[in-house]
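Subject: Structure handover

Hello,

Here is the structure I promised to pass on to you. Please open it first, and then read on for what was found in it.

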Amino acid sequence: MRHAAFPAGVTREQLIDWYRAGRARTKWVFDLLTPEAYYERPIALRNPIVFYEGHLPAFTINTLVKLAHRSPGIDAQFETLFARGIDPDSPDAVKDPTDVWPSREDVQAYADAADACVLELLANAPLEDDRIPELRGGEAVFTILEHEQMHHETLLYMLHNLPYEKKRQLAVGGWRLAGVDAPAVAEKMIAIPRGRATLGRTSGFGWDNEFPSHVVDVDAFSIGRFNVTNGDWLAFMDATAAAAPNFWTRRGDAWMWRGMFGDEPLALTAPVWVTHNQASAYASWRGMRLPSEGEFHRAAYGSPTGEERLHPWGDAPAEASRGNFDFAALGPVPSGLHPAGASAWGVEDLVGNGWEWT
């Protein structure tokens, strides 16, 4: 079994460690909640928070146990209730907590049983079998592991929208941005010559929208060395009366950043956190546009020699000097803090400090 994180192959022990680490982080995320927040719906087009604590273990059972190994599940009712379909069609379609959702104690008891079942399979069951579609290349195993990590990001976005009094501040490094020694990020455009970019995957584990791999020709273009910052957006607002981003709040004459646990002075050199429509409007105001997917890949993974890298900086693993990784901060940190993570062209913060719009 091979995965991009383990190009030389992965052992059962590594898979078990990965699973345990994911479940530990899930527990940490849900421990941020106060008890009364459990049935809250911080985003109108998502289910209440309770759904996601049940969805993660139910997904592992539905995927690895029932689908891949054709074995019985643990609780058929929960495995239907917490299955796919995480986004309601409209706010009115969200199920009423008093009608549907079980107690937190029952959800956590189900999760404990699911963990025991999955760990037993990871230790002893066949995990790779070309005769079974879900086990080709270990697909079911990697699916449940990556699925858990994806939800950590989306869960924190949901919890970021909760009122402060419904969260408990747990130990985490770097969540306060005030006072960060941020370098100046004077605007600079970097020219990227014409070349090719590979989109998607050719082999190994990947999600459905990553296949099939294909190569695109990318014309020459220029792209900013740094992300568009809060300071850039402030200039746009002053010039056009555009709306403030979701996590900005006004206090007197000053704009503040609505952090995970409290308001902070707005870090002007941090990347601005905006919707696609807002990003497009800013680019248009500047006489520019958002990059295409091919342009993003060329700027991030391309090189003057024509070779493509695994990461913008090369093939070395991601670590703290190269970007804002592994929940070291619960939001974007100022641009320019991680020059070791720059691409071959010198473009910074292409991964690790927020997702990029294309």
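A salt bridge, as the term is used here, is a side-chain nitrogen of Lys or Arg within 4 Å of a carboxyl oxygen of Asp or Glu. E295 and R289 form one, with their closest N and O atoms 2.7 Å apart. E295 is buried, at a relative accessible area of 9%, while R289 is exposed at 55%. For those words, buried means under 20% relative accessible area, exposed means over 50%, and partly exposed lies in between (1.4 Å probe, protein chains only).

Before going further, please keep in mind that this is a predicted model, in which local features need pLDDT of at least 70, side-chain atom pairs count only at pLDDT 80 or more, and totals for chains, interfaces and linings use all residues. Residues are numbered from 1 along each chain as its sequence is written, and side-chain values use heavy atoms, with hydrogens and water left out.

Back to the charges. Side chains of opposite charge can pair when their charged atoms come close. The structure holds 15 salt bridges. One of them joins K66 and E79 at 3.1 Å, N to O. This pair links distant parts of the chain, with K66 in helix 2 and E79 in helix 3 (residues 76-81), 13 residues apart. Helices here are DSSP runs of H or I with at least four residues, strands are runs of E with at least two, and both are numbered from the N terminus. K66 is partly exposed at 30%, and E79 is buried at 4%.

R70 and E134 form another salt bridge, their closest N and O atoms being 3.4 Å apart. R70 sits in the loop between helix 2 and helix 3, E134 in the loop between helix 5 and helix 6, and 64 residues separate them. R70 is exposed at 55%, whereas E134 is buried at 17%.

Now to helix 1. Residues 12-30 make up this helix of 19 residues, which reaches 27 Å from its first C-alpha to its last, close to the 27 Å expected (1.5 Å times one less than its number of residues). Its buried residues include W18, Y19, R23 and F30.

Helix 8 (residues 276-285) has Q278, A279, Y282 and A283 as its buried residues. These fall within an arc of 135° seen down the axis, so they line one face of the helix. Helix 7 (230-240) is part of what covers them. N277 and S284, on the other side, are exposed. Just after helix 8, G287 takes a positive phi of about 75°.

Last, the aromatic rings. Rings of Phe, Tyr and Trp (its six-membered ring) pair if their centres lie within 6.5 Å; planes under 30 degrees apart count as stacked, over 60 as edge-to-face and the rest as tilted. That rule gives 23 aromatic pairs. F142 and F205 have ring centres 5.8 Å apart and planes at 55°, so this pair is tilted. Both residues are buried.

Best wishes

Key. The arc is that of the directions from the helix axis to the C-beta atoms. Contact means heavy atoms within 4.5 Å.
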